[in-house]
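Q: Please take a close look at a single part of this structure and describe it for someone new to it.

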Amino acid sequence: MSPILSLCVAASLLTIVAAPATPARAAVNDAAVAGPESGFVPSDLFKLQGVTDPQISPDGSRIVYVRSSADVMVDKEVPTLWLVDVSSGQQRPLVAGRGSHSSPRWSPDGKRIAYVSSNGESSPQLYVLWLDSGTSVQVTGLPDGPGNLAWSPDGRQIAYTMRVPGEGMKLGSQPDNKPEGAKWAEPLEVINRVTYRFDEAGYAKPGFDHIFIVSADGGAPRQVTFGDFDDGGPLSWSGDGKRIVFSANRHENWERDINNSEVYSVDVASGAIAALTRREGPDGNPQLSPDGKHIAYLGYDDVNRSYENSDLYVMNADGSGVRLLTPKLDRSIDAVEWAGNDAIYVQYEDGAKTRVARVSLNGSVKPLVDGLSPGAHYDRPYTGGSFSVSRNGRIAYTSGTTSRPADLWVSKGGSGRKLTDLNRTWMQDKAMAPVRKLAVTAPDGRPIDAWLVTPPGLRPGQRAPLILEIHGGPNTAYAPVFATDYQLYAAHGYAVLYTNPRGSTSYGEEFANLIDRAYPGQDYDDLIAAVDAAIADGVADPDNLFVTGGSGGGVLTAWIVGKTDRFRAAATQKPVINWISEALTMDSTPFTSRYWFNKKPWEDPMEYWQRSPLSLVGNVKTPTLVVVGSEDYRTPVSEAEQYYAALQIRGVPTALVKVPGASHGGIAARPSQSAAKASAILAWFDKYRSDKAPKAGE
């Protein structure tokens with residue numbers, strides 16, 4: 001875990017502001033194709049299904065998972081719950097009615113499943129399903145949705161977190177003589193929190209997240225924690241059901257010291273809270289062992305670098321005897337689960353692969369499965385995935401390929417067994433773009449992982465226009481997994497090159513921190529070396545090179561076109577253009593100046609300016625599209641608009657694409673917008689290809 005915050009159809013769905021320009025070449029219109037379409041087309045985004053959040057039963061015999069599928073009528077991913085028998089592989093829908101259904105969690109006896117469900121008209125609620133009868137009962141009537149569900153060991157109660165509404169600061173008031181029936185403006189909105197808005201969630205409502213418990217049979221819930229702090233999950237009960245372990249930042253200066261959470265224990269009866277960790281840095285994801293003697297958790301010492309590995313620790317239940325279990329594993333651990341009292345199962349990324357390993361209490365690490373991949377949000381090929389483990393060590397996990405989204409797999413530590421094949425029927429005859437590893441060496445001799453996606457049917461020796469697509473973060477990583485953007489680009493005739501340049505995760509702390517206090521400058525050489533390798537490979541057309549990327553990749557796209565004219569066109573997506581304005585307008589304003597720079601913007605403005613792509617805009621000649629979500633609070637819309645304005649002032653061909661209602665993390669969440677965004681980028685690149693003659697009328 002790094003301290004970094006990831007920077008990761010119908011044309012009318014996009015708002016485009018542009019200077020007059022020649023009409024773009026028409027993108028592929030799959031609706032006009034007669035007969036079956038063998039290529040991957042925009043409407044296929046509505047057919048995709050993926051597996052997320054697999055939860056294996058305590059005895060390992062069954063798995064409940066969330067199936068993510070798109071509803072073409074509402075243009076959204078809709079989650080439903082499915083149950084799979086591990087022995088036979090047979091599956092059936094568990095909760096698949098109207099609305100969205102998620103977060104399944106098994107009761108300790110394996111006879112019930114708690115989950116969160118919403119009909120789309122009211123707040124999500126907590127439900128319990130009895131598997132023997134199939135009866136599902138709503139056990140809460142909450143004003144806000146519950147999260148971090150956790151059963152008590154005796155199965156009688158369920159703990160969860162929920163926001164408790166509060167009152168914000170009030171300053172003054174409207175006049176008190178409002179006439180009856182008069183329509184006045186809304187009262188003033190007063191903001192006094194340091195972090196007052198969040199990407200995807202929007203502007204923060206007054207109040208804080210706290211822990212509650214409710215009877216598994218229903219009834220009024222009881223609040224357990226209080227105070228002006230946000231208490232977070234996961235939640236873990238002690239064996240006797242008297243305490244709950246959780247993580248939170250309850251320090252006095254928590255709003256500004258944002259990366260200093262601790263592991264806490266709360267007495268369920270009295271509400272008394274005890275801090276179990278005490279160091280500068282984030283400690284979280286606590287999990288009590290089944291016998292209640294030990295707590296496994298993740299964390300690191302925060303020394304204000306842009307990246308740190310998240311390490312696995314274990315301590316006694318009272319906070320004593322802290323031990324680092326993974327001192328020799330130079331990888332960041334993302335998830336933790338106990339299986340018995342002497343083994344901890346962890347998930348981590350290693351060389352662009354996501355793995356699950358068994359860590360014993362003596363610190364030995366044994367990798368068990370690899371190749372995990374995400375089952376949703378697959379516009380780009382990020383590492384990820386999820387797993388759970390039964391008491392006997394059977395692992396349920398998500399895994400896919402470069403041509404298929406993630407399915408459900410199960411393993412006891414050997415070769416995995418695939419339990420679902422959700423997209424086989426409609427994808428088996430699709431001509432999917434092949435993906436292969438490309439050898440790249442940076443100018444300083446470092447090997448750089450890279451992959452080349454080629455158009456289906458590309459003949460040996462035949463070259464194709466190349467899109468260099470750059471990942472965000474920048475401390476994240478790409479992997480050889482399924483990506484809809486790449487399949488759409490390749491089906492349109494482009495080869496796609498993607499890489500993990502220095503700063504990427506899964507290669508150790510030293511590699512990730514090569515960009516510490518230097519980003520975005522040093523990635524440039526790695527990316528250009530990858531382009532040269534794709535040309536030398538015989539696939540990339542050196543006269544038709546294009547570049548795009550989102551978030552951190554948007555930063556690097558704008559940086560690249562400020563340093564070279566090699567690319568015929570570019571599309572910078574949700575970029576940071578000016579580090580000074582980003583540091584003071586992003587959704588977590590204390591972050592940038594602490595972890596990416598040595599001083600505050602007003603203390604050393606030239607350092608911020610010299611690393612801002614806006615400082616190079618005077619060099620740009622490349623036609624550059626600018627893309628951003630209209631509700632992006634991570635790299636705010638003002639960043640994209642600054643760049644668009646600067647390019648317009650200079651007379652560089654440009655257009656501004658805004659995705660209505662889209663956040664930073666959700667810019668491709670709705671299938672129609674994901675397809676339309678890819679189509680807009682292809683149309684922009686098509687305008688500037690030298691190998692494609694304009695059609696009549698263009």
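A: The second largest pocket has a volume of about 750 Å³. Here a pocket is found on a 1 Å grid over the protein atoms alone, as an open set of points where a 1.4 Å probe fits, with protein on both sides within 12 Å along at least five of seven lines. Grid points are joined across faces, edges and corners, and the volume is the space filled by probe spheres set on the points.

The model is predicted: local features need pLDDT of at least 70, side-chain atom pairs count only at pLDDT 80 or more, and totals for chains, interfaces and linings use all residues. Residues are numbered from 1 along each chain as its sequence is written, and side-chain values use heavy atoms, with hydrogens and water left out.

The second largest pocket is lined by 32 residues, a lining residue being one with an atom within 4 Å of a point. Closest to the pocket's centre are Glu167, Gly168, Met169, Val190 and Pro206. Strands S11 (157-165) and S14 (207-215) each supply at least two residues of this lining; strands are DSSP runs of E, at least two residues long, numbered from the N terminus. S14 gives the largest share, three residues.

By type, the lining divides into 15 nonpolar, ten polar and seven charged residues. Ala, Val, Leu, Ile, Met, Phe, Trp, Tyr, Cys and Pro count as nonpolar, Asp, Glu, Lys and Arg as charged, and the others, Gly among them, as polar.

How values were computed. Helix = DSSP H or I, 4+ residues; strand = E, 2+ residues; numbered from the N terminus.
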